Amino acid sequence: MRASFSTVEKAIRAAASNPLPETIREDHSFLLDLGFDSLTITVLTLELEGYVGQPVLLNRWVESASNPTDLTVGSLCDYLDQVVSV
C-alpha cells in the first residue's frame with residue numbers, strides 16, 4: 001500500500017461529518033460512497049495540509065474528473081503522489 005493512502009485515509013476520517021465505512025478503499029467515490037460535498041472537500045484540503053505540512057491545492061484534482069463520481073480515494077492518492085512527498 002502506498003504511503004499516501006494512509007495520509008489520505010486519516011484526512012478523510014478527520015474531515016467527514018457523516019458515518020464512514022469501517023474500511024476505506026481506493027475505489028471509494030468521495031461523492032457516492034463517502035458522502036462528501038464541496039464543503040467537506042474543503043475541510044479535507046485543510047486536513048491534508050496539516051498532515052503533509054504544506055499547502056495542498058485540490059482544484060486540479062477536482063477539475064481532472066469528467067464526472068464528480070470519478071473523484072475517488074485512489075485518484076486523490078495519485079494526485080498527492082504527484083504534488084507532494086508524503
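How are α1 and α4 oriented to each other? I am working from a predicted model, and I keep that in mind for everything below. I looked up the pair and found that helix α1, residues 3-15, and helix α4, residues 73-83, pack at an angle of about 120 degrees, with their axes 9 Å apart. Since the range from 65 to 115 degrees counts as roughly perpendicular and only angles over 145 as roughly antiparallel, α1 and α4 are therefore oblique to each other. I noted the handedness as well: the crossing of α1 and α4 is right-handed.

Next I listed the residues in contact, and found Ser-4, Phe-5, Val-8 and Ile-12 on the α1 side, meeting Val-73, Leu-76, Cys-77, Leu-80 and Asp-81 on the α4 side. Sorted by class, this contact of α1 with α4 holds seven nonpolar residues, one polar and one charged.

I then turned to the second pair, in which α1 packs with helix α2, residues 38-52, at an angle of about 130 degrees and with the axes 8 Å apart. That angle makes α1 oblique to α2, and the crossing of α1 and α2 is again recorded as right-handed. From α1, the residues Thr-7, Val-8, Lys-10, Ala-11, Ile-12, Ala-14 and Ala-15 meet Thr-40, Val-43, Leu-44, Glu-47, Leu-48, Tyr-51 and Val-52 of α2. By class, I count for the contact of α1 with α2 ten nonpolar, two polar and two charged residues.

Which residues touch the most other members of the largest nonpolar core? Of its 25 residues, these are Ile-12, Phe-30, Phe-36, Leu-44, Leu-48, Val-73 and Leu-76. To this core α1, α2 and α4 each supply at least two residues.

Last, I checked Asn-59, which has its place in helix α3. Asn-59 is partly exposed, with a relative accessible area of 44%. The C-alpha atoms of Asn-59 and Thr-45 are separated by 9.8 Å, and the two residues lie 14 residues apart along the chain.

Note on methods:
Residues are numbered from 1 along each chain as its sequence is written. This is a predicted model: local features need pLDDT of at least 70, side-chain atom pairs count only at pLDDT 80 or more; totals for chains, interfaces and linings use all residues. Side-chain values use heavy atoms; hydrogens and water are left out. Axes are lines fitted to C-alpha atoms, for helices over the stretch in contact, and angles run from 0 to 180 degrees between N-to-C directions. Helices (H or I, at least four residues) and strands (E, at least two) are DSSP runs, numbered from the N terminus. Angles under 35 degrees count as roughly parallel, over 145 as roughly antiparallel, 65 to 115 as roughly perpendicular and the rest as oblique. A crossing is left-handed if the near helix is turned anticlockwise from the far one by less than a right angle, and right-handed if clockwise. Contact means heavy atoms within 4.5 Å. Ala, Val, Leu, Ile, Met, Phe, Trp, Tyr, Cys and Pro count as nonpolar, Asp, Glu, Lys and Arg as charged, and the others, Gly among them, as polar. A nonpolar core is a set of buried Ala, Val, Leu, Ile, Met, Phe, Trp, Tyr and Cys residues joined through side-chain atoms within 4.5 Å. Buried means under 20% relative accessible area, exposed over 50%, partly exposed in between (1.4 Å probe, protein chains only).
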